[in-house]
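Subject: A structure for you to look at

Hi,

Here is the structure I promised to pass on to you.

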Amino acid sequence: MDTTLNRRNFLKGALASGAVLMAGGALAGCASEGGNSGDTVVGFAPVEFAEETDVLIIGTGIAGLSAAMDPVEAGYKVTLADKRDTYGGESFMACGVMNVSGSEMQKRAGIEGSVEEKWEKYAPVLEKKGETDDMEYKKNVYLGQTEWANRVEADYGAQFQPLEAYKDTGAPTSMLLPLNGIGDMTSVLTPLINGLQDKGATVELNRKATNFIVDSEGTVIGVRFVDSKTDKIIDVKAKKIVLATGGFSCNQVMVSEYMPQQAELCPLTVYSMGEGHELGRSIGGVYAHMDMDSNRMSDLAQVTVWGYFGRNVQVSPMGRRFIKEDQSHDTPDACAELGLGFWWTIFDNQLIEGSQAWNVEMNMKAHEDRLVGPCNTLDELAQAMDVPAENLKATFAEYDGYVDAGEDAAFGKKLFLEKLEAPYYALKHFPFRYKTHGGLKIATDSQLVDNQGNPIANVYCCGSTTPDTGSDLSPNAGSGLITGKAVVASLQSEQA
Ligand SMILES: Cc1cc2nc3c(=O)[nH]c(=O)nc-3n(C[C@H](O)[C@H](O)[C@H](O)COP(=O)(O)OP(=O)(O)OC[C@H]3O[C@@H](n4cnc5c(N)ncnc54)[C@H](O)[C@@H]3O)c2cc1C
């Protein structure tokens, strides 16, 4: 009996069984003629290529857009596709905090330190954490995010908030923000997508990738999309395909399986469904770090990061401080872990008039139902928040004592350890889940690999679809950028 199961036979068997074709399956197509291979599976139309491109990028978040930069600039035909009717993904609605070192913006503001020097300091910390499998990839991402910031500003007209707006307030200068500060990612991503289109890229919205298309040898040659509005099938032939579909935090089944500790929290959006993860697996890709826990987020996401840029005091529903305020995600993490249910951010005019005034006003207007204030006394504030007044007054008395002493003996707050002044305001938040780390294993050049570590031809991954980026804006941008470089290198070597 012939026990050899070559890739073609494997595919035929799998196609005949129909099993691999359920979610994110692989369809066999004919590379040369673009017709169907003769095999049919109930419910799956034969492959008919409607379009052809050099580089097909699935997902228009920060990772996908950044992956397009080098291929477009090198003159390749680039198509970006997104299942939604708008571009930008969750990157577009992010708070906009981008951790970058040694960028031109920082140099102009007199902030010292090159990206290489910063990496030398950061690398041992990363290694100690043991969260990365590939330090070389991680280094490339780290250097890539600085190159990305410089290039999107200089070559695409992306706009960042001048660091002068916050660099002398005590706020971290390792954080870049979009032009109007927190919550204004359009200032960065809109010029980027417009610039990509000006340079020749095509952006197709309402296109949901559902299957890889492989030739009779099992090599990936395209992607099947379904038009989210019309249900029409569109098969696109591509030389290189980049999966940039984001994380899986909105997929209840995947979260329950891999991160059960977050299964009972609501997701902030409905878009990060892990579709790219499943697509990658359907052609032999493997998952890594799927159970790596990620921090939680407030349902008022942008308010979560105010503590880096201005003074506030955060209290439990009983009016007691439970965390230092000069961080972001530790608060929703602690709220969930302590079972508080919700918490309050109390602030005053210093935040309202400070470097993030645009965002503070926007959130106060958008969340009037969660806002209390202005309140002229702590008694008035406690009543409006429905917390015991004696607790709130004791909390502030203790906090003010730490301010006078110059040290937060309870929680170690360092930034904006300052007294709040009436009138007081407060916003109520709830802890939500918002991102995941785990994803498809890749090689150092961002190419998808199988369970033996062998590259899967023509398929690349970046952003929150892969485990080693950190699932934040700037590393996802860096990972996209280096993926685009790898795609160009591969196309050029094939042409040579
Ligand atoms: C509210 C919020 C605030 C955040 N704030 C910050 C912050 O301040 N700083 C920070 O560093 N990080 C922040 N994050 C995390 C950060 O936004 C994400 O890590 C990052 O945006 C992910 O980038 P991405 O390009 O990988 O994915 P996304 O930006 O999510 O893009 C993925 C795209 O792929 C598309 N897609 C998915 N499946 C398919 C499919 N089958 N076919 C076609 N298209 C598909 C989606 O529609 C989406 O447009 C925040 C996240 C949220 C939700």
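First, how to read it. This is a predicted model, in which local features need pLDDT of at least 70 and side-chain atom pairs count only at pLDDT 80 or more, while totals for chains, interfaces and linings use all residues. Residues are numbered from 1 along each chain as its sequence is written, and side-chain values use heavy atoms, with hydrogens and water left out.

**The ligand**

How many residues surround the ligand? There are 35, and the closest are D82, S91, E275, S471 and L473; a residue counts as near if one of its heavy atoms lies within 4 Å. By type, this shell has 14 nonpolar, 13 polar and eight charged residues. Here Ala, Val, Leu, Ile, Met, Phe, Trp, Tyr, Cys and Pro count as nonpolar, Asp, Glu, Lys and Arg as charged, and the others, Gly among them, as polar.

At least two shell residues each come from α2 (62–73), α3 (89–93), β7 (207–214) and α15 (473–495). The largest share, four residues, is supplied by α3. Helices (H or I, at least four residues) and strands (E, at least two) are DSSP runs, numbered from the N terminus.

Now look at the oxygen atoms of the ligand. A polar side-chain atom of S91 is 2.5 Å from one, a polar backbone atom of A63 is 3.0 Å from one, and a backbone N or O atom of G89 is 3.3 Å from one. The protein buries 96% of the 990 Å² that the ligand exposes when taken alone; these areas come from the Shrake-Rupley method with a 1.4 Å probe.

**The annotated domain**

An unreviewed UniProt entry carries the annotation "domain: FAD-dependent oxidoreductase 2 FAD-binding" for residues 54–287 and 380–466. UniProt positions are given in the numbering used here, feature names are shortened, and annotations may be inferred rather than shown by experiment. In the model, residues 54–287 are 37% helix and 19% strand, with end C-alpha atoms 27 Å apart. Residues 380–466 are 26% helix and 23% strand, and their end C-alpha atoms are 49 Å apart.

**A buried aspartate**

D299 sits in the loop between β11 (297–298) and β12 (313–315). Is D299 buried or exposed? D299 counts as buried because its relative accessible area is 18%, and buried means under 20%, exposed over 50% and partly exposed in between (1.4 Å probe, protein chains only). Its side chain makes a polar contact of 2.4 Å with the side chain of R370 and reaches the backbone nitrogen of F430 at 2.9 Å. A polar contact is a pair of N or O atoms within 3.5 Å; within protein, one must be able to donate a hydrogen and the other to accept it, and residues adjacent in sequence count only if both atoms are side-chain atoms.

**Backbone details**

Two peptide bonds are worth a look. The one from G373 to P374 is cis, with omega near 5°, and P374 lies in strand β14 (residues 371–375). The bond from A422 to P423 is also cis, with omega near 5°.

S446 is not a glycine, yet its phi is positive, near 75°. S446 is in the loop between β17 (439–440) and β18 (447–449), and it is buried, with a relative accessible area of 0%.

Happy exploring!
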